[in-house]
Amino acid sequence: MTKKFLFPLLIITLALANFAPVVASEVGPLEPLVQDPSAETGELTDETPTLWFVELAGAPVSEGNTSTGVDNEHKKFRDEAKKEKIKYQERFSYDSLWNGFSVSTTTSELGKLSRIEGVKAIYPVMVVNAPQTTPSSLDPALYSALAMTGADAAQSELGYTGNGIKVAVMDTGVDYDHPDLGGCFGAGCRVAKGWDFVGDAYNADDTSPSYNPIPSPDPFPDDCNGHGTHVAGIIGANGVVKGVAPEVTIGAYRVFGCDGSTSDDIMLAAMERALKDKMQVLNMSIGSAFEWPQSPTAVAASRLVKKGMVVVASIGNSGANGLYAAGAPGLGENVIGVASFDNTDVFLPYLEVNGAQIGYVTMSFSAPTPTSGTGEIVDVGLACSPLEVDLTGLVALASRGTCAFGDKAINAINAGAVAVLISNNAAGVFNGTLGAPLGSDVPVVGISQADGVFIRAQAAPIVMNWTDQMASFPSPTGGLISSFSSYGLSPDLDLKPDIGAPGGNIYSTYPLEEGGYATLSGTSMSSPHVAGTVALLLQARPKTKAADVRSILQNSSEPALWSLAPSYGILDSVHRQGAGIVQIDDAILSTTSIEPGKLALGESQDGPVTKKLRITNNSRDTITYDLSFENAISTGGVITPDFWGSDAEVTFNKSSVTLKGRRHEDIKVTITAPSEPDQGQYGGYIILTPREGGQVYRVPFAGFVGDYQSIQVLTAPYGLPLLTDQYYDDTVSTFTLVDGDLPYVLVHLDHQSRLFRLEAFDAVTGKSVGTIFELEYMVRNSTTTGFYAFAWDGTTTVKHKKVFTVPNGQYTIKLSVLKALGNPKNSADWETWTSPVFDIARP
């Protein structure tokens, strides 16, 4: 029996054996025990950008150009655009980290912009949504998240607090009046620097009733949203809440209004300001999903690292949108892109039974829970059919399983129950839904399996007391990747995310007007944990170069088990968790370094990949390291992933390395990709174990199974690509090019494209009449039904950027996309589509 047929049988065996561990080296599909959120359906959604980056050919100042040189290029561009009567609005100009502009314009103007002499490339500016924030009255306690990263030990045992380190927070602003954040703004305050780039009313979301894309900057980066204050508190609060580095100096760079979204171009402007203010660390708990490392924000962020600033960014909350969903600037080559892990503890309201605290979660559509009162509990089993027992005035305790929560609740309520408790059938508490309002004032809550067992073991009568209190309880997903955390790899197959930290259920500061403290979740919360650990590391090792910080942290991180089935005993995907959870105390105390800190292996179609690792013993003692490896979960697909065991192999040119103090040695590592899944991502960890004991070090590796260019980019939801009019009517075949009556190409991109090109052809002769426009590093759509719409104004570019206005006549449009990492000279790496014939008939 082959492995391919063995593995489905193994899965069935696992189910019958209460999920005994599987062996990661077995290859084959794996079924999650927890539903993955990445399956979605829906109607077509227009995702066409309205803002665009225009990159000029000259280098920015940070890369060797002069301010005068950049200014001259900018003037030349503006003059030429005015001369050609191009319809656009300039939003920002950039000179320090990136050379160019952001503009607001329609897709029909992109060709004209690209033809201006000195324009290097055009990229979409992506709208960045501010994560939703919900205030909470939970008791302050960030300690469990700090303990997950070793920050508590770094503070209490090693004595590091981030003192003297300047950390920039690019976010919704900071409530600098908050006593935990110093209570003031300006020189001598904890929040010492900053700028508001947008104003309260700004909102870049054009689907929102409060849409207002016009920034109104001012010098005071206060926070009327809450997100930035929460992030700043995780980094450096020092009061009721204590952050990771409670004595850092904070710079606040506000890029969101009170509500809604921001955009890439404002983020880029804030980066340039943080550089000017000489910040040492920049945290960006924001980003644009599905981007490339070559996107302007990612490039600018990487240039900051070259200038000596450590840049940390959330990898994104697009876990429900499949693979290659990581966001920029976290995708940047030199940026530390951060994944999220759930906090080990959650704060819950509780009821009491015989003195024991029973944490609970109120189910969706339930009536509110009381804050006082008593009741007698009666066990009703599964409660999947009408109950014959009289529950009048009693509290029903049902077991999860077999039928819907709403059915259990209705059966208990119909029997007279005044409250319903449903105990889990697996470890921990759970979030449940009744499916719809029950039309009852009876509360329905979920409790943990252990608490259900405890209650049932009590002698009758079992009396419970509702309380108005909350307490900390173990989270069933604690220490596992958060369900919202985005998947990598990056579109150029770089290993992203780089590292992880607690981001699910994090308690921190919040604007005083909103209660002062709140619990939030997101990679927005994991990124500041890492930014804070960077501040601790820089204080402990002040000579550390910005470019070296990421590897130091990665070497000491700890990978976690697969979040969708931890009982399988397999590590979660490297392209979901990076090196694992950061361990700052171990990083500070580490005596060994391994470079590079991660291995990106690329495509496997050319066979095994050999890489070099440099191991350096920074101690005075002689150390022998034994070398080994461990595979992680592989994934197939793009927008909708599936999951596989891995039979990847790692061999070393020697099985162990002995290094005298202050010496280094290079070893060769050869990695053979797993046999399946085709078009999948795989990964694992190279492990260095000191023979005499001590800290274990790891280097993550990841790659692609098979031929990367075999992934189809142009797929056809609802028949896309299509030629339509401005109203997306695909029956129209004649266009006047007047008052918006232009031909549009609607296209869905199932994967990122290295080059996206529209070209016009004379339908009679079949000859090209020029390029409409080209876009480099095009992002994929976020869902299987998303699309982009591009208009043509009847002009093209011919040789040497010469503008050509086509005469009336019959034409076709050819769409060409170069696949990610594709060779432009290899026709197999291109996908094309040609429109139906249509008429241009100007009046």
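A cavity is a set of points, on a 1 Å grid over the protein atoms alone, where a 1.4 Å probe fits but cannot get out. Grid points are joined across faces, edges and corners, and a volume is the space filled by probe spheres set on the points. The model is predicted: local features need pLDDT of at least 70, side-chain atom pairs count only at pLDDT 80 or more, and totals for chains, interfaces and linings use all residues. Residues are numbered from 1 along each chain as its sequence is written, and side-chain values use heavy atoms, without hydrogens and water.

Two cavities of 30 Å³ or more were found in a search of the whole structure. Strand β27 (residues 599–603) supplies the largest share, three residues. Strands (E, at least two residues) and helices (H or I, at least four) are DSSP runs, numbered from the N terminus. Seven residues of this lining are nonpolar, three polar and one charged. Here Ala, Val, Leu, Ile, Met, Phe, Trp, Tyr, Cys and Pro count as nonpolar, Asp, Glu, Lys and Arg as charged, and the others, Gly among them, as polar.

The second largest cavity has a volume of about 30 Å³. Among the residues that line it are Thr107, Ser108, Arg115, Phe773, Trp792 and Asp793. α3 (110–115) and β41 (768–778) each provide at least two lining residues. α3 contributes the most, with three. The lining of the second largest cavity comprises five nonpolar, four polar and two charged residues.

Terms used
On a 1 Å grid over the protein atoms alone, a cavity is a set of points where a 1.4 Å probe fits but cannot get out, and a pocket is an open set with protein on both sides within 12 Å along at least five of seven lines; lining residues have an atom within 4 Å of a point.
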